[in-house]
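Work through the following exercises with the sequence and the coordinates open beside you. Each task is followed by a solution that goes step by step.

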Amino acid sequence: VLLDQACAADSAKDGQKGALKHDKDCLLMGACVKSGYGIITKDEKFVKLDAGATDKVVAAVKASDKADGFRVKVTGELSGDTITVTSIKII
């Protein structure tokens, strides 16, 4: 589940359930975009997306007709707690 890093501490405490309530307007707010993004995995871990993913995330969110609940499929390479993203798709 997609979540911006600025809101991760509050929303991530409820895991995917909390992140699914996170809405499109917040994901696209200036401070949230600037903070970068991450995902909450099925096993409830928060994993950051690399800085280069920001433009891909913003484009995907803007193109989506969803209002909240941004489940995503991320392709890339995991190193430590960060994924270097090659593609991201809202599902």
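**Exercise 1.** Which residues of strand 3 make up its covered face, and which its uncovered one?

Solution. The model is a predicted one, in which local features need pLDDT of at least 70 and side-chain atom pairs count only at pLDDT 80 or more, while totals for chains, interfaces and linings use all residues. Residues are numbered from 1 along each chain as its sequence is written, and side-chain values use heavy atoms, with hydrogens and water left out.

Begin with the element itself: strands are DSSP runs of E with at least two residues, helices are runs of H or I with at least four residues, and both are numbered from the N terminus. Strand 3 covers residues 46–49. In a regular strand the side chains alternate between the two faces of the sheet. In strand 3, V47 and L49 form the covered face, and F46 and K48 the uncovered one.

**Exercise 2.** Determine the strand order of the sheet and trace the pairings that build it.

Solution. Two strands are taken to pair if DSSP finds at least two bridges between them. On this basis 5 strands make an open sheet with mixed pairing, in the order 1-2-3-5-4. Strand 1 (2–4) and strand 4 are the edge strands, each of them pairing on one side only. Ignoring direction, neighbouring strands of this sheet are turned by 45° against each other on average, where axes are lines fitted to C-alpha atoms, for helices over the stretch in contact, and angles run from 0 to 180 degrees between N-to-C directions.

Next, follow the pairs along the order. Strand 1 and strand 2 run antiparallel and are joined by 3 bridges, and L3 has G38 of strand 2 as its bridge partner. Strand 2 and strand 3 are also antiparallel, again over 3 bridges; here G38 stands opposite K48, and I40 has F46 as its bridge partner. The hairpin of strand 2 and strand 3 has 5 residues between the strands, and within this hairpin E44 takes a positive phi near 70°. Strand 3 and strand 5 (residues 82–90), by contrast, run parallel and are joined by 2 bridges, with I83 of strand 5 as the bridge partner of L49.

Contact means heavy atoms within 4.5 Å.

**Exercise 3.** Why does T54 count as buried, and which residues does T54 touch?

Solution. Locate the residue: T54 lies in helix 5, which spans residues 54–63. Then apply the classes, in which buried means under 20% relative accessible area, exposed over 50% and partly exposed in between, computed with a 1.4 Å probe on protein chains only. T54 counts as buried because its relative accessibility is 15%. Leaving aside residues up to four places away in sequence, T54 touches V33, G36 and Y37.

**Exercise 4.** Is L20 buried or partly exposed?

Solution. L20 is found in the loop between helix 2 (15–19) and helix 3 (24–27). L20 counts as partly exposed because its relative accessibility is 22%. Its contacts, residues up to four places away in sequence not being counted, are V1, D68, G69, F70 and R71. The C-alpha atoms of L20 and V1 are separated by 6.7 Å, although these residues are 19 residues apart along the chain.

**Exercise 5.** Which strand gives the most to the lining of the largest pocket?

Solution. Strand 2 (37–40) and strand 4 (72–79) each supply at least two residues of this lining, and strand 4 gives the most, with 3 residues. The lining includes V1, I39, I40 and I83, and its residues divide into 7 nonpolar, 2 polar and 3 charged.

How values were computed: 1 Å grid on protein atoms, 1.4 Å probe; cavity = no way out; pocket = protein on both sides within 12 Å on 5 of 7 lines; lining within 4 Å. Nonpolar A, V, L, I, M, F, W, Y, C, P; charged D, E, K, R; others polar.
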